Amino acid sequence: MIGSDWSSDVCSSDLEYRPIQMSNNGKHTILLLQRTGASSRTYYDFPSTNQCIAHIVSLFEAELMRMNPTIPTLQYHISDINNYVDSLTECNILVYSNEIAAYIPFGKAGIKQKIVDFIDRKSVV
């Protein structure tokens with residue numbers, strides 16, 4: 001449920017175990033995002049970290065286009081994406097690890113490093 005709070009009246013016996021479906025090229029990743037106030041809290045669910053990072057970049061590009069509607073071709077630097085990530089009230093990802101059977105959290109610094117890695121891989125292809 002995107003944008004909703006967890007209900008305290010759900011007991012553990014009501015929860016059903018569902019194994020996480022992994023993609024061939026990545027680890028299940030959850031993006032926790034808050035643009036401004038508490039009402040903008042949301043999460044996104046991705047089968048891989050690469051898809052999550054691509055989504056963050058596409059959110060930045062959409063914001064850039066919204067702010068510059070008359071410019072047909074936008075150019076930006078990695079520092080612009082980093083500034084966008086820093087401007088978000090909250091931006092965290094949880095990456096599932098099979099080795100420990102748990103999610104590993106990454107804050108803004110970790111996300112920015114993953115964006116650099118993502119863009120480097122994308123430019124090589």
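Let me start where two helices touch: Ile56, Leu59, Phe60 and Glu63 in α1 meet Asp80, Ile81, Tyr84 and Val85 in α2, where contact means heavy atoms within 4.5 Å. The residues of this contact divide into six nonpolar, no polar and two charged. What we are looking at is a predicted model, in which local features need pLDDT of at least 70 and side-chain atom pairs count only at pLDDT 80 or more, while totals for chains, interfaces and linings use all residues. Residues are numbered from 1 along each chain as its sequence is written, and side-chain values use heavy atoms, with hydrogens and water left out.

How do the axes of α1 and α2 cross? The axes of helix α1, residues 49-67, and helix α2, residues 78-87, come within 10 Å and cross at roughly 95°, which makes α1 roughly perpendicular to α2, a term that covers angles of 65 to 115 degrees.

Turning to the aromatic residues, Phe60, Tyr76 and Tyr84 form one aromatic cluster, and rings pair if their centres lie within 6.5 Å. By this rule the count comes to four aromatic pairs. In one of them, the rings of Phe60 and Tyr76 have centres 4.9 Å apart and planes at 80°, so the pair is edge-to-face, the word for planes over 60 degrees apart. Phe60 lies in helix α1 and Tyr76 in the loop between α1 and α2, so this pair ties together parts that are 16 residues apart in sequence. Phe60, at 5% relative accessibility, counts as buried, whereas Tyr76, at 32%, is partly exposed; buried means under 20% relative accessible area, exposed over 50%, and partly exposed in between, with a 1.4 Å probe and protein chains only.

Methods
Axes are lines fitted to C-alpha atoms, for helices over the stretch in contact, and angles run from 0 to 180 degrees between N-to-C directions. Helices (H or I, at least four residues) and strands (E, at least two) are DSSP runs, numbered from the N terminus. Angles under 35 degrees count as roughly parallel, over 145 as roughly antiparallel, 65 to 115 as roughly perpendicular and the rest as oblique. Ala, Val, Leu, Ile, Met, Phe, Trp, Tyr, Cys and Pro count as nonpolar, Asp, Glu, Lys and Arg as charged, and the others, Gly among them, as polar. Rings of Phe, Tyr and Trp (its six-membered ring) pair if their centres lie within 6.5 Å; planes under 30 degrees apart count as stacked, over 60 as edge-to-face and the rest as tilted.
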